[in-house]
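Let's walk through this structure together, starting with its overall layout and then turning to its ligand.

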Amino acid sequence: MKPENDKHANLSELGEFGLIKMLTEKITLKNPGSLVGVGDDAAVLDYPDKQVVVTTDLLTEGIHFDLVYTPLKHLGYKAAVINFSDLFAMNALPRQMLISIALSAKFTTQMIAELYEGIYLACERYGVDLVGGDTSSSVTGLTISITAIGEAVKDEIVYRNGAKVNDLICVSGNLGSAYMGLQLLEREKKIFGSTGQQPEMDEYGYILERHLKPEPRGDIVQLLRELNIKPTSMIDISDGLSSELLHICTASKKGCLVYASKIPIDPETEKMGKEINIDGLVAALNGGEDYELLFTVPLSAFEIIGKRPEISIIGHIVDESEGKRLVTQTGSLVDLKAQGWKAF
Ligand code: ADP
Ligand code: MG
């Protein structure tokens, strides 16, 4: 059997070019903007009358993911969609991506094929072409860098800096669940490490999925288009609501008033929170990786947005001099603080 047909072959047998061939030979480009993909020195894209929106994200083993509890297929999926989420947050649609990987000797061809299964699933689901990448070895662990390219008509692009006084602050889905899913996985990893006891996570399917397999909110971008509502500002929630609200306020030179009682939190998030003594609200404000959209809309959109079950109105934009504040469940006012992920 040729090494490129043998999924258990180790990477040195297959070699860099054999691996690239195995990973990319099934690609068929679907977008008209993807003129040339894998196979030449660079990809060629065609966007005659659109603006091109580009984003990149780097994931490093041991910092951003733990392969003890992260299936490689899920990791590939997540690495791709977190980039699509950044494009959706600009109100752009993802069309192409490039992926660069660095691999240590512990990885087999089978493992990388699994990673790519997740990547191709994400590409299929979100209509994206994989048009290139780079492959390297590493001393330890896996590093994945993905660059995603999207398109938007010039006037459709939504920035962080457009929020106006009295705009409604809106959030899609619910918050804090991915953080709780991660806490559960970390807890079970510790228990398994010290007792060998198999994890019991049956009742927590939703929060686990939210951490391992997030879905970026392309559906919300689509919905807002159908409703004819263009957000005045938008950002995706990767670092917790507080941090993202502060980004919008700072960029827009405005303040905000948000109500704790209006922040959407799933019952499973609350339940897990009770077990580990972390309030669901704290996870929503300071947890990470929800990949929901936070956006502002003019007050005139209240009637329409207020009817949508997938969107919560959590507060409104105020003058910068009024600060960036949260009304707690008991009615007191506290300043929002950015905790976010401690990446370093
Ligand atoms: P170069 O020497 O110019 O960097 P490579 O041999 O690395 O070229 O890549 C050959 C082709 O395969 C290029 O089109 C590149 O974009 C693509 N490619 C390389 N590595 C990957 C990968 N891990 N995933 C997808 N495409 C890849
Ligand atoms: Mg290369």
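Domain bounds here come from an automatic or database domain assignment. For this protein the assignment gives domain 1 (3-156) and domain 2 (160-335), and their C-alpha centres lie 27 Å apart. This is a predicted model, in which local features need pLDDT of at least 70, side-chain atom pairs count only at pLDDT 80 or more, and totals for chains, interfaces and linings use all residues. Residues are numbered from 1 along each chain as its sequence is written, chains are lettered from A and ligands numbered from 1 in the order in which they are written, and side-chain values use heavy atoms, with hydrogens and water left out.

Where do the domains meet? Domain 1 brings 21 residues to the contact and domain 2 brings 21 residues, with contact meaning heavy atoms within 4.5 Å. About 2,000 Å² is buried between domain 1 and domain 2, and carbon and sulfur atoms give 56% of it; buried area is the accessible area (1.4 Å probe) that two parts lose on being put together, summed over both. On the domain 1 side, Y69, K78 and F88 supply 31% of the area buried against domain 2, more than any other three residues.

Now for ligand 1. Among the 15 residues around ligand 1, G39, D40, Y116, G133 and T135 come nearest, where a residue is near if one of its heavy atoms lies within 4 Å. A polar backbone atom of G39 sits 2.9 Å from an oxygen atom of ligand 1, while a polar side-chain atom of T135 lies 2.8 Å from a nitrogen atom of ligand 1; a polar contact is a pair of N or O atoms within 3.5 Å.

Note on methods: A polar contact is a pair of N or O atoms within 3.5 Å; within protein, one must be able to donate a hydrogen and the other to accept it, and residues adjacent in sequence count only if both atoms are side-chain atoms.
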